[in-house]
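Morning, everyone. I will go through a few local features of one model, and I would like you to follow along on the screen.

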Amino acid sequence: MTATERAGAIPSPEEVLGYGVGAERKIPDWPLMVDYFTRLAEASPRVAIEELGRTTDDNPLILVTISAPENLARREELRAINARLFDPRRTLPEAVEGLIAEGRSVALLLCTQHSNELGAALMTLELAHELATRDDPETRAILENTITLIVPCANPDGHRMVVEWYARWLDTPYEGQPMPWLYHRYVGHDNNRDWFMLTQAETRLIAALHNREHPQLVFDMHQMGRDGARFMLPPFIDPLDPNQDPIIQAGFATVGTALATELIHAGKAGVATHIIFDNYSPSLSYGNYHGSVDLLSEAASCKFATPVEIAEEDLKERGDYDPKRRTWNQPLPWKGGRWSLRDIVEYDLIAARAFLAHAARDRAGWLRRFDGLMRRTVTRADGSYAYLFPERQTDPPALAELLATLTRGAVEVGVASAPFVADGVRYPAGTRIVSLAQPAGNFAKTLLEIQRYPDLRRWPDGPPLPPYDIAGHTLPLQMGVAWVEVKEAFAVETTAHIDPVRPVGTIEGTGRHGYALAPTTNRSAAAINRLLGAGLRVFRSRGRLDDLGLPPGAILLPRTEGADKLDGIVAALAADLGLEVRGLEAPLGEGAYYEQAQPRVGIYQSWKPAIDEGWTRFILEEYGFPYTTLHDADIRNGDLAARFDTIVLPHQGREDVLHGNVEKNDYKEPYPPEYVGGLGEIGLAALRDFTEAGGTLVALDAACEAVIKGFWLPVKDVLAGIDRKEFYCPGSLLRILVDPAHPLGWGLRRDETAVFINSVAFELAGEGTTVARYPLTNPNLSGWILGAEHLAGKGALVEVPFGKGRIVLVGFRAQFRAQARGTYKVLFNAIFRGGLREVQDLR
Ligand SMILES: [Zn+2]
């Protein structure tokens, strides 16, 4: 068929795919799906397609917009109406009804962020075709009243990995088993925990889409395990973040139960509301803080496109939810049986249509409530007025990064043009100001305030209820940024903070004898890597350099012979990284120094994928650390000391580190043998040899247990075996006290904030150094802790000598989700530790 012949004939998914949507054991690859939407948009005046941008692995991330042709023809005008409703500061109340009469509700379907949850992505092919071709009253109402935005697949990279992996094992005993690697190059499942930090290409593009379109409704469609509910919908269970507007939280119930009702009406069993999922962490949703009712659904999974059989008695309870029981929030339980990809597509399709029908039916109501909640947000008076950021910071680039995170999230940041007084304190011009009375004020507030997570128990005095994600996320604490909450309103002239602002790098003095850099900024690590990469020699001070006012670990670049390229490189570094460089006006005398070599770094990657491993790579690449990925066989083959100086075991439990994937899962299904197993005893022995020969082994949080036990270290995990009723800290920000004179503590402040998520804490029972410990008082800064006394004075970061080498045990999440930037230096120092050599002078 030529293009002319094709025009007018609207292709069905089956015509393009060669099989029906959700067909057993068939998964269309991403280019084919993009091709379908492209042909649909060519053929139908109701459909438009747009590439939002490129993904991490350079695939197209697309948006499909569907509405009546007359709405698509006035997209700019409709967008402008929605933008005026989003910002009521620009809209007089008397203009609102006119805007509502002219406007259209905007509903965003955000599908298959998690690539093994295929149903929603495939469903969008059928949904788009229906909306393009049907003319029943419901479809017409959706087209006329609503702008439907569809992101068919929020992670195309992972989709392509799944297609390849699934095809590889089709027709083998391993068909449908999960992949042994993350379905996003860096963050795997945590791509759905990046909704405020916005570190990844995909979340950034979708947040920008939000900021452009301001949807009133968002539907984030997922899948979960195979033996629970067939379909989960809101309302969410407590706690909900109090920074979500009440009308948004009411909307979870309104829309969630409406969708559940439609599914049950269609005879779909096993639909449950108000189970398992709370809505406390902003990492899970962007919309709820930007005026949208952002819903979540979780369909039961099968094995990619391979169906499963589940007997009713094998359905599993989780928390208070029992899939087998008929209850108010699950009036039609599922009786077990066969469950296929087509089932998931059908549930998803009914839910998605009901979602759009709701947006259309109550078009004016959605726009009116949107105006109401946005108006409430910009005129708020709830005890907090603004947050201030002084220019003076320990790590100035970290402040720039924090402000960039906020502005990506549509937060307006002001710069004081003159000195001003707030809450009785005088602040200089240049102070950054985030007023909460602005459209993205709820987003700003949840990120900038201290969380007081509620003490929730299963029953009075019973064990605590765990949060679905974590309990504390205050961003300035995580990033080591100084900030101030202001309660009373104040007035000052401001200019807009333009982002991204790169802090201005400076070079002080002539640098006649070389240069020096403080180790206090994260970017000083990037500087070291660039200097070493350029072939320059880098030294570190062992103590304070009082003359220069530099702390231990200062980065020293003496003007040695052959260092004529030094000036150019240092100037470029200062400018690119925004660093403050000191010129040395006198030679550095003899004393106690280290020479810093580039450590050869190995990062362990289990075939049972660990998300923290991906984040570790993401951060090391960002800061220019060369590294090699090590699989089980690479470690088990031994001779590691000849190839590596530092080996990092990312956060992963002992069982997984040692045994990895098991031969057969809980359903007695085998796993591909080449990806079965873990480090095992042989791998542990190889790591012991490596360390004994002089290597630095770094274990992050949960991985510490494998090392403590596998090396018989004289270190006790003081929290092991303590009942959850006695001690529980499922994700809070805790104060730690650091020794900045130790090479692991270089550049850190004496008190820092650690992300503690069911983490470990140490007591030395032999040789070793505690570099950071918990205070004797309650360490909780944001979030929730039960039994804080169990942490009093205990070690958070320890170094234990082992043979000629050393072991670094990090008992918290030092680089958690690229949020915990205040403790990045712990990871960087631990890695650089493997490249330090004691010297007396700098030649
Ligand atoms: Zn998911």
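Which residues in helix 24 are buried? They are Tyr-824, Lys-825, Val-826, Leu-827, Phe-828, Asn-829, Ala-830, Ile-831, Phe-832 and Arg-833. Buried here means under 20% relative accessible area, exposed means over 50%, and partly exposed lies in between, with a 1.4 Å probe and protein chains only. Helices are DSSP runs of H or I with at least four residues, strands are runs of E with at least two, and both are numbered from the N terminus.

Before going further, the ground rules. This is a predicted model, in which local features need pLDDT of at least 70 and side-chain atom pairs count only at pLDDT 80 or more, while totals for chains, interfaces and linings use all residues. Residues are numbered from 1 along each chain as its sequence is written, and side-chain values use heavy atoms, with hydrogens and water left out.

Now the metal. The zinc ion is coordinated by ND1 of His-114, by two OE entries of Glu-117 and by ND1 of His-222, at 2.0 to 2.4 Å. A donor is an N, O or S atom within 2.8 Å of the metal, or 3.2 Å for Na, K and Ca; water is not among the atoms, so sites may look incomplete. In sequence, the donor residues follow the spacing H-x2-E-x104-H. The angles among the 4 donor atoms run from 56 to 148 degrees, and the site is irregular. For comparison, four donors count as tetrahedral if all angles lie between 85 and 135 degrees; four count as square planar and six as octahedral if opposite donors are over 155 degrees apart and all others between 65 and 115; anything else is irregular. His-114 has a relative accessible area of 2%, so it is buried. Glu-117, at 5%, is buried too.

Most residues other than glycine have a negative phi, and most peptide bonds are trans. Is Thr-112 buried or exposed? At 0% relative accessibility, Thr-112 counts as buried. Lys-668 also has a positive phi, near 65 degrees, but at 66% relative accessibility Lys-668 counts as exposed.

On to the cis bonds. One runs from Pro-234 to Pro-235, with omega near 15 degrees; another runs from Asp-238 to Pro-239, with omega near 0 degrees. Pro-235 sits in the loop between strand 6 (231–233) and helix 11, and Pro-239 is in the loop between strand 6 and helix 11 as well.

Last, helix 11 itself. The axes of helix 11 (residues 246–265) and helix 13 (residues 363–378) come within 11 Å and cross at roughly 155 degrees. Axes are lines fitted to C-alpha atoms, for helices over the stretch in contact, and angles run from 0 to 180 degrees between N-to-C directions. The two helices are therefore roughly antiparallel; that label needs over 145 degrees, while under 35 is roughly parallel, 65 to 115 roughly perpendicular and the rest oblique. Ile-247, Ile-248 and Val-255 of helix 11 make the contact with Trp-366, Arg-369, Leu-373 and Arg-376 of helix 13, where contact means heavy atoms within 4.5 Å.
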